[in-house]
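Q: I'd like to learn how to read side-chain pairs in a model like this one. Could you walk me through a few?

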Amino acid sequence: MSAFDGSCDKGSVDKSAVNVRSIDGSATEHPRPPRREFKARGSFVTRCEGCNLPAMNCLCPYKVKADSHAQVWLLTHPLEHFKPTNTGRLISDVITTTRVFTWYRVAPDAELVALLKDPRYAPFLIFPDDQPDYADRVVDIDAVHTAKAEQRIPVFIILDGTWRQARRIFRKSAYLDQLPILPLRTERETRYRLRKPASKAHLCTVEVAIELLRQGEDINAADVLDDYFEVFNDSYSASRFYHKIDPPTAAMQRLLARV
């Protein structure tokens, strides 16, 4: 889910406390909090350990890696990590440079804070431009192209949680206060079918990343991620009705052709 979502489903959980890791394997300083036993709808479903989808429509055969000039860094609310309907993990599956950080109000992730100071990167905080108190920080997609021309790596920092959680992350994280804010401007409507959005304009996390990559001219990465999201969306939706997808959809066939 993302700062552009209003709600999310609950998924299965791992009750053990484990270190949250970025995509390069380095552990952050915060453990995931232990969670109570999951007993909500879907808790009895047999899930693939690799993709966490119901095994009848496993996503693993369609995982295709893609390179992009821009990077995506997810600042994820702790409750999002265990939800199988969370779409932020789809970005990590496809875009090789994705980093995932867990947000804690009282102790910011030390690795993220250090990376924000690294001159190789040009970080942009993805957030709506709907409040006057930070209007002076708002930029448009041209700033991303300028960063690329200056041989810097654009970074899209997406707040991964419900809208209320994202607002809290935005307001309670002083280390984000100096970052330029890049609002996503798109006519695209959400295709996400695993929850009912408050508006069709509310995109889920992976849809936000797809649009940003496309606008930043990482077209191949955007196309691969878009197909992967479509397969996830179709597979999870079909599994809710105990339906196995066969034959493969067009998006599945495109991804299989890239393997």
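Q: Let's start with one side chain: does Glu211 count as buried or exposed?

A: Keep in mind that we're looking at a predicted model. Glu211 has a relative accessibility of 9%, so it counts as buried, the cut-off being under 20%.

Q: Which residue does Glu211 form a salt bridge with?

A: Here's the general idea: side chains of opposite charge can pair when their charged atoms come close. In this structure, Glu211 pairs with Arg214, and their closest N and O atoms are 3.5 Å apart. Both sit in helix α5 (residues 205–215), three residues apart, or about one turn of the helix. Arg214 has 27% relative accessibility, so it counts as partly exposed.

Q: Now for the rings: what describes a pair of aromatic rings?

A: You need two things: the distance of the centres and the angle of the planes. This structure holds eight aromatic pairs. Take Trp73 and Tyr121: they're 5.2 Å centre to centre with 70 degrees between the planes, an edge-to-face pair.

Q: Which parts does the pair of Trp73 and Tyr121 tie together?

A: Trp73 belongs to strand β3 (residues 71–76) and Tyr121 to strand β5 (residues 121–126), so the pair connects parts 48 residues apart in sequence. Trp73 and Tyr121 are both buried.

Q: Why is the pair of Phe232 and Tyr236 called edge-to-face?

A: Look at the angle: the planes are at 70 degrees, and over 60 counts as edge-to-face. The ring centres are 5.9 Å apart. Phe232 and Tyr236 are four residues apart in helix α6 (residues 219–240), so about one helical turn separates them. Both of these residues are buried.

Q: Which residues do ring pairs link into a cluster?

A: Have a look at Phe127, Tyr134, Trp163 and Phe170, which ring pairs link into a cluster.

Notes: Residues are numbered from 1 along each chain as its sequence is written. This is a predicted model: local features need pLDDT of at least 70, side-chain atom pairs count only at pLDDT 80 or more; totals for chains, interfaces and linings use all residues. Side-chain values use heavy atoms; hydrogens and water are left out. Rings of Phe, Tyr and Trp (its six-membered ring) pair if their centres lie within 6.5 Å; planes under 30 degrees apart count as stacked, over 60 as edge-to-face and the rest as tilted. Helices (H or I, at least four residues) and strands (E, at least two) are DSSP runs, numbered from the N terminus. Buried means under 20% relative accessible area, exposed over 50%, partly exposed in between (1.4 Å probe, protein chains only). A salt bridge is a side-chain nitrogen of Lys or Arg within 4 Å of a carboxyl oxygen of Asp or Glu.
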